[in-house]
Amino acid sequence: MTGTTAHATGTTLRVAVIGAGSWGTALACLAARTWPTLIHARRDDVVRNIRQDHANPRYLPGISLPAGLDATQSFDDIFSHLTQDAAPSLLILGVPVAGMPDTLTMLAQVFSSWDQDRLPGIVWSCKGFDAEHGRLPHEIADAALAALPYLPRGVISGPSFAKEVAQGLPVALTVASNSATLRARTTQALHGGMARVYGSEDVIGVEVGGALKNVMAIASGIGDGLELGTNARAALITRGLAEMTRLGLALGARPDTFAGLTGLGDLVLTATGELSRNRQVGIRIGQGQSLDTILAGGMTAEGVRCARAALLRARAAGVELPITEAVCRVLFEGESPRDAVAALFAREARAESLN
């Protein structure tokens with residue numbers, strides 16, 4: 001295993017992806033249309049399926065992957081791939097928020113011995129708050145990579161279901177970073193065909209939108225499970241956007257970010273789309289199933305993992321998140337979905353505002 005792909009050598013960009021779940025694989029598909037791309041998977045069957053069958057049936061069943069996408073279980077192969085020639089490189093982290101600290105600590109150790117001009121740019125794709133400490137992904141990265149302040153890093157986000165991206169259907173994404181070089185490199189890696197990539201400097205806003213939209217999608221699903229109608233869904237999405245904006249501004253985000261792809265766009269998709277796992281969890285809760293039963297059946301949703309952390313972070317910032325608080329009461333305190341809805345509507349009337 002050399003970490004090479006079927007692409008010709010001498011190209012202007014090398015891409016590696018750590019994490020061969022559905023979203024990591026989908027992003028690798030975008031990159032592999034044009035650039036030598038290698039994806040790291042923990043399971044040998046996933047590596048074998050990608051390399052031999054150009055498929056990832058465990059995470060993207062029924063989807064044909066680009067023939068040029070290669071896979072490995074070896075981190076050494078990943079690092080060799082990134083440094084194989086003089087081309088610039090990009091490392092995409094497709095791991096969940098819970099996997100960020102260990103992954104970044106490992107990378108910090110490896111990259112500490114590299115020449116600065118050989119370091120790849122790093123972008124992560126996870127969405128949520130760290131359940132243990134309430135940190136956003138960039139805060140996890142800043143802590144783990146403190147000894148490498150010059151390492152370009154940022155986040156890729158936006159309204160996107162992995163299955164549709166891997167199928168080559170249209171998608172628009174945002175890469176946020178304070179590094180113009182990284183924004184350009186990520187755009188170079190993923191933009192083209194039916195994928196558009198926009199740049200932003202608002203890392204906080206992009207991450208807050210990506211985190212809270214999952215909680216709002218659970219709330220939207222609960223409403224659908226209770227058969228509250230489309231009026232209720234529209235109200236939930238609108239007031240959910242207000243919660244996202246309030247918390248984002250309190251943490252230092254820019255207000256216009258929440259009117260864009262990673263705010264309103266991602267919220268609408270996740271709160272209404274049939275492929276949204278967060279919405280599906282909410283629907284089943286609204287239909288009377290318990291969270292324990294849903295999770296025991298293998299259903300996972302980032303909104304469940306980060307809801308309490310988001311609420312605690314908001315309280316520390318002096319921000320009210322009534323929908324998030326209602327979701328937490330239903331998920332973790334045993335309140336019935338109908339009682340939570342009734343409590344939201346019983347709140348005192350106020351002037352409409354997004355912040």
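Predicted model: local features only at pLDDT ≥ 70, side-chain atom pairs only at ≥ 80, totals over all residues.
Leaving aside neighbours within four places in sequence, Ser200 is in contact with Thr174, Val175, Ala176, Ser177, Arg183 and Val206.

**Ser200 in its strand**
- Ser200 lies in strand β10, which is made up of residues 195–200.
- Because its relative accessibility is 15%, and buried means under 20%, Ser200 counts as buried.

**Pro96 in its loop**
- Pro96 is placed in the loop that runs between β6 (89–93) and α4 (100–111).
- With a relative accessible area of 37%, Pro96 is partly exposed.
- When residues up to four places away in sequence are not counted, Pro96 touches Cys126, Glu302 and Arg305.
- Although Pro96 and Ala86 are 10 residues apart along the chain, their C-alpha atoms are separated by 30 Å.

**Helix α9 and what covers it**
- Helix α9, covering residues 230–251, has 22 residues and reaches 32 Å from its first C-alpha to its last, which is close to the 32 Å expected at 1.5 Å a residue.
- The buried residues of α9 include Leu236, Ile237, Gly240, Leu241, Met244, Leu247, Gly248 and Leu251, and Glu243, Thr245 and Arg246 are also among them.
- An α-helix has 3.6 residues a turn, so residues three or four places apart point the same way.
- The cover over the buried residues of α9 includes α8 (203–225), α10 (261–272), α13 (302–316) and α14 (322–332).
- Just after α9 comes Gly252, which takes a positive phi of about 110 degrees.

Notes: Residues numbered from 1 in each chain as written. Heavy atoms only, no water. Helix = DSSP H or I, 4+ residues; strand = E, 2+ residues; numbered from the N terminus. Buried < 20%, exposed > 50% of the residue type's maximum accessible area, 1.4 Å probe, protein only. Contact = heavy atoms within 4.5 Å. Expected span 1.5 Å × (residues − 1).
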